[in-house]
Amino acid sequence: MIRIALYECNPEEQKREMLGIHRFFTKLPEISYQLVVFSDAEELLRSIESNDDCDLLLIDIEGEERIGIDIVRKLKECKSSVEIIVLARDGSFAVEAFALELTHYLVKPFAKELYFGALEKAVRIIQSRLSEPLLVKTKEGIRSLQIEEIQSVEVEGNYLNISIYNGVPLQVRETFGNFWDKINHVHCFIALQRAYILNVKYISQVTRDNISMMDGALYPMPRRKYRNICDEIIQKSFKKTFHQRVEIK
């Protein structure tokens, strides 16, 4: 799943840019995406500062006030891997923008072909990053894993027990925090009380007592967290990426 944020303060341009994003992804049914739209710079900054996940930002640069370029600079400082497409009214910030190694710089009004080309470039980079294998060290040696095939991770003392979808379970010596940092950029995982990591693609049922996985494994629902966890699972779940639907009770 690719998470996209669009910041555009002009209502008419915002509608056109949103429609363009939807039309672009209509041609890529195998890729799921989530779009969040901002028309207020302060709201976008609060989202960035609260560490909301974002793979791609399309941002309108408001010339005289430098609002957009300052947001871009701040975002690059705290989330260097995010892809950024600038939507500018002129080329006055082009040199500064490319010095920040942005994905693309479009000057309004731009043709649909240029817009789709910029989106295609960003998606290609993001997909490449998300599909990178994860190397883990086991007792038998180094193993390469496709991150999205990880079904669950459970802490056992100084070790992590990793369950692989249709694969052989692994045990690695690594801290929960380090492992979470390695896989959290793939937006299909939830963490439960620093004891479990679950892939929402393989969750079959959620109740107030347990979370059931497709292989029959059960994980306890943390106290007073049922509603928040359900919301997080729904947010990170898309039918296109599901092997079956999640049943929430």
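This is a dialogue about reading some features of a predicted model.

Trainee: Where do I start, and how many helices and strands does the protein have?

Mentor: Start with the overall count. The model is predicted, and its secondary structure comes to seven helices and 16 strands. Of the 249 residues in the protein, 47% are buried.

Trainee: What share of the contacts with a separation of 6 or more comes from residues 24 or more positions apart?

Mentor: Such residues account for 56% of those contacts in the protein.

Trainee: How do I describe two helices that pack together, such as α1 and α5?

Mentor: Two packed helices are described by the angle between their axes and by the distance between the axes. Here, helix α1 covers residues 11–26 and helix α5 covers residues 112–130. Their axes come within 10 Å and cross at roughly 60 degrees, which makes α1 oblique to α5. The crossing of α1 past α5 is right-handed.

Trainee: Which residues of α1 and α5 meet?

Mentor: On the α1 side they are Glu-17, Gly-20, Ile-21, Arg-23, Phe-24 and Phe-25. On the α5 side they are Tyr-115, Phe-116, Leu-119, Glu-120 and Val-123. Sorted by class, the contact of α1 with α5 has seven nonpolar, one polar and three charged residues.

Trainee: Now a single residue. Is Gln-151 buried or exposed?

Mentor: The class follows from relative accessible area, and buried means under 20%. Gln-151 has 3% relative accessibility, so Gln-151 counts as buried. The residue sits in strand β8, which spans residues 150–156.

Trainee: What does the side chain of Gln-151 join in a polar contact?

Mentor: The partner is the side chain of Asp-215, at 2.6 Å.

Trainee: Why does Glu-83 count as buried?

Mentor: Apply the cut-off of under 20% again. Glu-83 is buried because its relative accessible area is 11%. Glu-83 lies in strand β4, residues 83–88. Its side chain and that of Thr-103 are joined by a polar contact of 2.6 Å.

Trainee: Which residues does Glu-83 contact beyond its neighbours within four places in sequence?

Mentor: Among them are Asp-55, Leu-56, Leu-57 and Thr-103. The set also includes Ala-122, Ile-125, Ile-126 and Arg-129.

Trainee: What is the phi of Glu-101, and where is Glu-101 found?

Mentor: Glu-101 is not a glycine, yet its phi is positive, near 60 degrees. Its place is the loop between α4 (94–99) and β5. With 66% relative accessibility, Glu-101 counts as exposed, the cut-off for that class being over 50%.

Trainee: And what is the phi of Asn-166?

Mentor: The phi of Asn-166 is near 55 degrees, again a positive value in a residue other than glycine. Asn-166 lies in the loop between β9 (159–164) and β10 (170–172). Its relative accessibility is 73%, so Asn-166 counts as exposed.

Methods: Residues numbered from 1 in each chain as written. Predicted model: local features only at pLDDT ≥ 70, side-chain atom pairs only at ≥ 80, totals over all residues. Heavy atoms only, no water. Helix = DSSP H or I, 4+ residues; strand = E, 2+ residues; numbered from the N terminus. Buried < 20%, exposed > 50% of the residue type's maximum accessible area, 1.4 Å probe, protein only. Polar contact = N/O pair within 3.5 Å; in protein donor to acceptor, adjacent residues only side chain to side chain. Axes fitted to C-alpha atoms, helices over the stretch in contact; angles between N-to-C directions. Parallel < 35°, antiparallel > 145°, perpendicular 65-115°, else oblique. Left-handed = near helix turned anticlockwise from the far one by under 90°. Contact = heavy atoms within 4.5 Å. Nonpolar A, V, L, I, M, F, W, Y, C, P; charged D, E, K, R; others polar.
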